[in-house]
Amino acid sequence: FSSLSVGSSGLKMLSAPAYDRQEYAPSTSPDRLVITDTSLSLVVKDVPSSIKTIQSTAESLGGFLVSSNLNQPESAASGTITVRVPSDKRDSALDQFKNLAVKVVSQNTTGRDVTDQYQDLDARLSTLTKTKTKFESILDQTTRIADILEVQRELINLQSQIDSITGQQDYLKKSADLSKIVVYLS
C-alpha cells in the first residue's frame, strides 16, 4: 500500500509504485469520486473554546477529530484543528465554523478526482481475482508436492496483491466520503 501524507493543501504521495504516480485523465463516468479538502482561516474571540466547538460540531455531524494544536503565548493564542466530516455535510460544517469567527480571513477548497484511478484499480482487481481462481483450479488438479508448493506461492502472491488493491480502493472511497477541513485560528 502506498505511503501517503495529507497536508493542508491536499493529498500528496510520498512513495508509491510508478502506476500510482501517473496523472489520470478526466473520466466521463457519471459517478465521480472526488477527494475534497478545505482550509479555513478564522479570527475568533477565544481560540481554545473555538477548537472545542469545532471538534464537537464535526462529531455531531458524523465526523471526527484528526488533529489539533493550540499555542498560547503571552500575547494571543493561535491554533489549528483538522477534522473530517461526511462530504454531504461539509457545507454545513463550514457555515457553523464561520459563525464562530469575528472575521473569516480565507477559505480554500481543493478537489482531486480519483474516479479513473479507482476504476483502474477495479480492473486490476478483476484480473487478479480471475487469475487467482484459475490457480485455485490448478491446485485442485495438482498432485506433485513441488507443483503444489509453487501454485500456493503464486496464490499467496496474488492474494497479497488483491488485498493491497482493495486497501487502496477503500482508502480512496473513504477519503472521498469524508472531507478534510483544516481550520487555522487566531
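This is a predicted model: local features need pLDDT of at least 70, side-chain atom pairs count only at pLDDT 80 or more; totals for chains, interfaces and linings use all residues.
Strands are DSSP E runs of at least two residues, and helices are H or I runs of at least four, both numbered from the N terminus. Two strands count as paired if DSSP finds at least two bridges between them.

β3 and β6 run antiparallel, joined by eleven bridges. Val34 stands opposite Asp113 in β6.

Contact means heavy atoms within 4.5 Å.

The largest nonpolar core has 18 residues. Such a core is a set of buried Ala, Val, Leu, Ile, Met, Phe, Trp, Tyr and Cys residues joined through side-chain atoms within 4.5 Å. Buried means under 20% relative accessible area with a 1.4 Å probe, counting protein chains only. Phe97, Ile181, Val183 and Leu185 have the most contacts inside this core. At least two residues each come from β3 (34–44), α1 (47–60), β5 (78–86), α2 (90–98) and β7 (178–185). α1 gives the most, with four residues. Apart from this core lies another, of eleven residues, including Val114, Leu125, Leu158 and Ile165.

Leaving aside neighbours within four places in sequence, Leu185 is in contact with Leu42, Val44, Val47, Ser50, Ile51, Ile54, Ser78, Gly79 and Ile81.

The whole chain has four helices and seven strands. From the N terminus on, the elements run β-β-β-α-β-β-α-β-α-α-β. Of the 186 residues, 33% are buried. Among contacts between residues at least 6 apart in sequence, 76% join residues at least 24 apart. The chain exposes about 10800 Å², and carbon and sulfur atoms supply 50% of that area. Accessible areas come from the Shrake-Rupley method with a 1.4 Å probe.

Residues are numbered from 1 along each chain as its sequence is written, and side-chain values use heavy atoms, leaving out hydrogens and water. Local features need pLDDT of at least 70 and side-chain atom pairs count only at pLDDT 80 or more, while totals for chains, interfaces and linings use all residues.

Key: Buried means under 20% relative accessible area, exposed over 50%, partly exposed in between (1.4 Å probe, protein chains only).
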